Amino acid sequence: MEYLNVAATIIVSLGGSGAIILGLSNYIGKIWANNLLEKDRHKNASKIEELRNSLRKETEEYLSNVTNQVEIYKQTHLREHSDKLKIYRATIDLIAKMLAKIELVYLKNKSKLTVEESEEFEIERLRIFGYLAMLAPQEVMDANDNLTDLLLAFIYDNEPTSWLNIRTCALQLTNAMRKDIGLNKVDVTYNGTR
């Protein structure tokens, strides 16, 4: 309060020149304030631009890293899918050979496979198991085991079975492989009459 009284006394004693001084000080104060604000604005704008550039750089690096990881995953997944297709095709080829021999035994009412046919059957079934064990999930392995067990019991233990049972097990294996590679979720069935 005392400062105001002193300031008012000085301004009154100066008279008109006091008003001019007051106006000039107000004007100069505004200029200084604007200059200070402009300096702060410029300094803050520079900091904001630096921050924006830093964030842009970090974002670009992060996106580049994510893009690379996605590309690696995609290539790995495609390679695995391609390998599964090859393995499953080879498996189907071997199963077709095995079942053709079994069907001939079954249809001709032969008592058993020849020694050469038995040896080839053993090699083929083990090869199938090895192929599948490389990439197949347990569901496919279980379907293969069911078919193999049925064929082994039929061939070596003379356990009776029907061609329908053999074909059903073979189709279960085929359908498990199809589901694994995502070709079709609907099971394939045999709709023939024989």
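Modeller: α4 passes α5 in a left-handed crossing (the near helix is turned anticlockwise from the far one by less than a right angle). The model is predicted, with local features needing pLDDT of at least 70 and side-chain atom pairs pLDDT 80 or more, while totals for chains, interfaces and linings use all residues. Numbering starts from 1 along each chain as its sequence is written, and side-chain values use heavy atoms, without hydrogens or water.

Helix α4 covers residues 138–156, and its axis comes within 8 Å of that of α5, crossing at roughly 165° (axes are fitted to C-alpha atoms over the stretch in contact, and angles run from 0 to 180 degrees between N-to-C directions; helices are DSSP runs, H or I, of at least four residues). That angle makes α4 roughly antiparallel to α5, the class for angles over 145 degrees.

On the α4 side, the contact (heavy atoms within 4.5 Å) includes Val-140, Ala-143, Leu-147, Leu-150 and Leu-151. Their partners in α5 include Ile-166, Cys-169, Ala-170, Leu-173, Ala-176 and Met-177. Glu-139 in α4 takes part too, as do Lys-179 and Asp-180 in α5. By class, the contact residues divide into 11 nonpolar, 4 polar and 3 charged (Ala, Val, Leu, Ile, Met, Phe, Trp, Tyr, Cys and Pro are nonpolar; Asp, Glu, Lys and Arg charged; the others, Gly among them, polar).

α5, residues 163–181, also supplies at least two residues to the lining of the largest pocket, as does α2, residues 16–108. α5 gives the most to that lining, with 5 residues (a pocket is an open set of points on a 1 Å grid where a 1.4 Å probe fits, with protein on both sides within 12 Å along at least five of seven lines; lining residues have an atom within 4 Å of a point). The lining has 6 nonpolar, 1 polar and 3 charged residues.

Methods
Angles under 35 degrees count as roughly parallel, over 145 as roughly antiparallel, 65 to 115 as roughly perpendicular and the rest as oblique.
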